[in-house]
Structures are given as C-alpha cells and as structure tokens.
Amino acid sequence: DDEDEPLDEADTTPDSLEDQTLKRDIEDAVGNELRETFYAPQYRMARQLFDIALDGIRTNVAFEEAHELMKEWAEFQSGPTSSSPKTEIALSAPYKYTRRRC
C-alpha cells in the first residue's frame, strides 16, 4: 500500500513511465524547497502523527505504530546535530505515555 510507504524512502524512481512523468511534474511544480519536505524524515513523521491523530489508536497495530513513531522521533531529536538531551519515550497504554530524560 503506497500510503504506508515512508516518504523519505519514496524518493525513488517509480516503475511506470506514466508515474515517473507525474512524479517529475509534481516535483518541478513545487520547487526544491517544498520538494525537500516531501522526503525529510521530520515531515514524514509529522504526517504519520497527523494520521494517528485522525484515526486514533484503536488496535494493537496502531498502538505499536504510535510507539515506534515516538521512539523514532526521540532518536531523531537526539541525533548528532541536535542540542536537545536524549529522551526516552515509554508508552504504557493507548493514549498515555511518559517522557523521561536519560
């Protein structure tokens, strides 16, 4: 399912010529600055968070996806260029998480 494909990994060449043309036309229309937001990890994670906010956490799969997203965000925030302290996210139940400094 294309909707589940991480957008930073979507920066590839589509299989069909029609899809390649469509992708190129869209990227040309939006320009370099906006094109970077299609593939940057922080924007992909923000879109995933928005999807979770719309759909809610109603299944074990959604719970695990939300937990993985929070762990990925914490790792992203504590990356080599980040000045923020490393944060550990502990998800204990749907809709409830704790944030602890490491």
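These are legends for a few close-up views of a predicted model.

**View 1. The whole chain, element by element.** Of the 102 residues, 21% are buried (under 20% relative accessible area, 1.4 Å probe, protein chains only).

**View 2. Helix α2 against helix α3.** Here α2 covers residues 41–55 and α3 residues 60–77; their axes come within 11 Å and cross at roughly 150°. Axes are lines fitted to C-alpha atoms over the stretch in contact, with angles from 0 to 180 degrees between N-to-C directions. The pair is therefore roughly antiparallel (over 145 degrees).

**View 3. Who touches whom.** On the α2 side, the residues include Met45, Leu49 and Ile52, and they meet α3 residues including Leu69, Trp73 and Phe76; contact means heavy atoms within 4.5 Å. By class, this contact has eight nonpolar, two polar and two charged residues (nonpolar: Ala, Val, Leu, Ile, Met, Phe, Trp, Tyr, Cys and Pro; charged: Asp, Glu, Lys and Arg; polar: the others, Gly among them).

**View 4. Arg44 up close.** Arg44 sits in helix α2 and is buried, at a relative accessible area of 7%. Its side chain makes a polar contact with the side chain of Gln48, at 2.6 Å. A polar contact is a pair of N or O atoms within 3.5 Å; within protein, one must be able to donate a hydrogen and the other to accept it, and residues adjacent in sequence count only if both atoms are side-chain atoms.

**Notes on the views.** Numbering starts from 1 along each chain as its sequence is written, and side-chain values use heavy atoms, with hydrogens and water left out. Local features need pLDDT of at least 70 and side-chain atom pairs count only at pLDDT 80 or more, while totals for chains, interfaces and linings use all residues.

Terms used. Helices (H or I, at least four residues) and strands (E, at least two) are DSSP runs, numbered from the N terminus. Angles under 35 degrees count as roughly parallel, over 145 as roughly antiparallel, 65 to 115 as roughly perpendicular and the rest as oblique. Buried means under 20% relative accessible area, exposed over 50%, partly exposed in between (1.4 Å probe, protein chains only).
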